[in-house]
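Have the viewer open and follow along.

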Amino acid sequence: MSRDAAPAVGGISALVSDTWVMTRRNIRRHVRVPAQLIYSTALPVMWVLLFLYVFGGSIQVPEVDYVLFLLPGILVLATAFGMANTALGVAEDLADNVLDRFRSQPVSRPALLLGRALFDTARNGSALLVAIGVGFLVGFRFHGGPLAAVGAFALIVGFGFGFSWLGVLLGLWVRDPEAAQTAGLLFAIPAMFASSTFVPVSSMPGWLQAVANNSPVTHAVDAARALTLGEPAGRPVTAALLWTAGILVLAVPLAVARYQRIGH
Amino acid sequence: MSDQPAIEVAGLRKAYRKVRALDGVDLAVPTGSVLGLLGPNGAGKTTVVRILATLLAPDGGTARVDGYDVVGQAPQVRLRIGLTGQYAAVDRFATGRENLEQAGRLHRLGRARSARRAAELLDLLDLVEAADRRVETYSGGMRRRLDLATSLVSRPSVLFLDEPTTGLDPRARLAVWDVTRELAAGGTTVLLTTQYLDEADYLSARIALLDRGRVVAEGTPSELKARLGGARLTIRPVDVADGQRVAAAITEWSRGAPRIDQTNGEVVVAVDPDPGALADALHRVAALDLPVADVEVGRPALDDVFFSLTGPAGSGYASGGAA
């Protein structure tokens with residue numbers, strides 16, 4: 001009987017509007033309490049300087065200056081570490097009483113998670129710009145032209161968006177904010193080191209090469225590196241995009257389903 | 001449709017692991033009335049509210065709000081309800097006004113209407129001066145008032161107030177009471193949970209008494225008091241240790257177990273309405289021949305109903321109410 005009178009709730013425009021509200025909520029919070037924003041911006045800068053000046057002298061990479069090799073890797077690393085922040089943020093949202101309010105309101109269901117992922121992606125983007133700026137001071141240059149430079153930036157930001165959904169999943173699974181952040185780092189750190197981020201994969205032992213060559217991080221780093229060095233980038237870019245799409249196709253539905261199961 | 005209760009609950013069951021939180025709850029709240037859901041800690045009050053507010057799925061039974069099933073038609077239910085929980089559910093990094101406008105946007109009121117509604121509610125809940133300060137600077141009472149305001153943004157037809165005044169100072173409590181009465185007068189259906197008997201008495205047209213996941217009594221406050229019929233007898237012995245003896249002596253004429261205040265030995269019983277029961281009870285106390293500081297005979301209060309119906313002492317309710 002009353003089922004007929006049910007008005008439509010949801011739809012794309014509701015999702016867009018609610019996601020914007022949730023994204024803005026995160027922006028407001030981080031602008032007013034900017035500590036986390038500052039740390040996550042400083043982190044990639046620190047990685048660049050540390051690796052360049054501490055290890056840079058002893059790490060030999062074929063054919064190019066280490067800074068040209070290193071910086072694309074650091075940019076991908078920044079987004080992977082951003083995932084730990086996403087896990088923390090989602091777990092904090094889940095622990096916050098305000099979640100009950102959102103869940104008892106006609107809010108589009110994925111909006112809270114999507115808003116968080118988009119905010120972290122925007123934050124990644126701004127942290128990348130700062131890291132690139134510092135990179136320029138220490139000798140980094142784009143050698144593939146402006147289009148490839150924009151392409152590399154977009155590719156890393158997109159990869160970070162995919163990775164942030166892994167953070168969303170972790171936050172939903174672990175739920176305790178501190179544990180979620182640590183879990184994010186436990187995931188991100190080996191994913192970074194067992195990849196081509198800092199050293200060529202060919203310098204690793206055989207079994208680790210097998211791992212690194214099949215890591216999405218390696219594909220993203222190789223793609224970004226090819227684009228910034230001006231090398232042929234078709235294959236690594238395709239691989240990186242496929243990995244990003246694959247992560248999203250898997251993680252987004254899982255996360256949304258998990259979120260909707262809360263309370264059941 | 002208009003005869004249909006705004007809230008209709010039948011056979012509601014919910015268990016958390018092995019603990020049975022709700023064990024077959026039935027409730028019906030007519031449109032535009034206030035039902036007080038009264039019970040000790042752990043009685044299941046919050047579980048009822050969380051199920052009705054679509055936050056928690058029941059294990060069994062049905063619950064409808066304005067005719068919509070809270071499980072199968074949750075989106076429709078969410079359009080009609082407001083929820084104020086035990087803890088202020090507001091963004092602490094945002095200002096009061098921003099919280100209200102955000103709620104308006106999530107209810108799709110649009111920018112201008114959200115702003116207007118926020119201003120109205122800030123005024124209604126006396127938060128105009130603090131409107132543009134961050135919530136983290138608010139006192140507990142202000143946060144709760146803002147929380148209540150936030151749940152009113154969409155002008156809900158059904159409002160859930162889950163222990164809305166727990167932990168509030170008397171002035172803040174009065175403010176919440178005033179708003180609740182105003183809303184009820186304006187036709188909003190209210191389900192109020194509380195462990196404060198005076199709050200339920202003051203605000204509710206009807207009261208349902210919840211104990212261990214079941215409704216053990218339901219009626220108007222005066223109906224519930226009339227159930228007890230007889231007088232309320234309070235005896236305070238001089239020696240605190242004599243409380244037990246006094247209680248044992250008069251338990252025969254008591255409805256429900258006598259209550260003993262451990263701090264001063266005071267014994268309170270609801271005396272049977274039978275003729276002569278009160279005099280017999282007083283005689284028996286006199287026969288104990290122990291010094292008595294004070295005897296008081298009064299009409300039953302809602303507390304007495306509560307204690308006579310909610311199981312033996314120790315079921316969770318502490319006299320005085322605070323958690």
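## A four-stranded sheet in chain B

Chain B has an open sheet of four strands, in the order E2-E1-E4-E5, with antiparallel pairing. E2 and strand E5 (68–69) of chain B sit at the edges, each with a single partner strand, so one side of each is left without a neighbour in the sheet. Strands here are DSSP runs of E of at least two residues, helices are runs of H or I of at least four residues, and both are numbered from the N terminus. Two strands pair if DSSP finds at least two bridges between them.

Before going further, some housekeeping: this is a predicted model, where local features need pLDDT of at least 70, side-chain atom pairs count only at pLDDT 80 or more, and totals for chains, interfaces and linings use all residues. Residues are numbered from 1 along each chain as its sequence is written, while chains are lettered from A and ligands numbered from 1 in the order in which they are written.

Back to the sheet. Strand E1 (residues 7–16) of chain B pairs with strand E4 (residues 60–65) of chain B in the antiparallel sense over five bridges. Within that pairing, Arg13(B) has Gly60(B) as its bridge partner, and Glu8(B) stands opposite Arg64(B). E1(B) also pairs with strand E2 (residues 19–29) of chain B, in the antiparallel sense over eight bridges; there, Lys14(B) stands opposite Leu22(B). E1(B) and E2(B) form a hairpin with two residues between them. Which turn residue has a positive phi? That's Arg17(B), at about 50 degrees.

## Helix H1 of chain B and Val49(B)

Helix H1 (residues 45–52) of chain B is mostly covered, with eight of its eight residues buried. Buried means that 20 or more other C-beta atoms lie within 10 Å of the residue's own; 12 or fewer makes it exposed, anything in between is partly exposed, and the C-beta atoms are placed from the backbone. Among the buried residues of H1(B) are Lys45(B) and Arg50(B), along with Val48(B), Ile51(B) and Leu52(B). Just after H1(B), Thr54(B) takes a positive phi of about 65 degrees.

Why does Val49(B) count as buried? Because it has 24 C-beta neighbours inside 10 Å. Leaving aside neighbours within four places in sequence, Val49(B) is in contact with Phe160(B), Asp162(B), Leu191(B) and Thr193(B). Contact means that the C-beta atoms of two residues, placed from the backbone, lie within 7 Å. The C-alpha atoms of Val49(B) and Gly85(B), 36 residues apart along the chain, are separated by 8.9 Å.

## The two chains overall

Chain B is divided into domain 1 (7–224) and domain 2 (230–299), with bounds that come from an automatic or database domain assignment. The centres of these two domains of chain B, taken over C-alpha atoms, are 39 Å apart.

Chain A follows the pattern α-α-α-α-α-α-α-α-α-α along the sequence. With 264 residues, a compact globule would have a radius of gyration near 18 Å, and the 20 Å of chain A agrees. That radius is taken over C-alpha atoms, and the globule rule is 2.2 Å times the number of residues to the power 0.38.

Here are some per-chain values.

| Item | Chain A | Chain B |
|---|---|---|
| Helices and strands | ten helices, zero strands | eleven helices, 14 strands |
| C-alpha span along principal axes | about 75 × 35 × 35 Å | about 75 × 45 × 40 Å |
| Buried residues | 46% of 264 residues | 49% of 323 residues |

## Confidence in chain A

The mean pLDDT of chain A is 90, and 96% of its residues reach 70 or more; pLDDT is the predictor's confidence in each residue, from 0 to 100. Over residues 1–8 of chain A, pLDDT stays under 50, and the model has five contacts beyond four places in sequence for that stretch.

## Where the chains meet

24 residues of chain A are in contact with 28 residues of chain B. On the side of chain A that touches chain B, helix H1 (12–32) and helix H4 (98–103) of chain A are the elements that give two or more residues. H1(A) provides the largest share, seven residues. By class, that side of chain A has seven nonpolar, eight polar and nine charged residues. Here Ala, Val, Leu, Ile, Met, Phe, Trp, Tyr, Cys and Pro count as nonpolar, Asp, Glu, Lys and Arg as charged, and the others, Gly among them, as polar.
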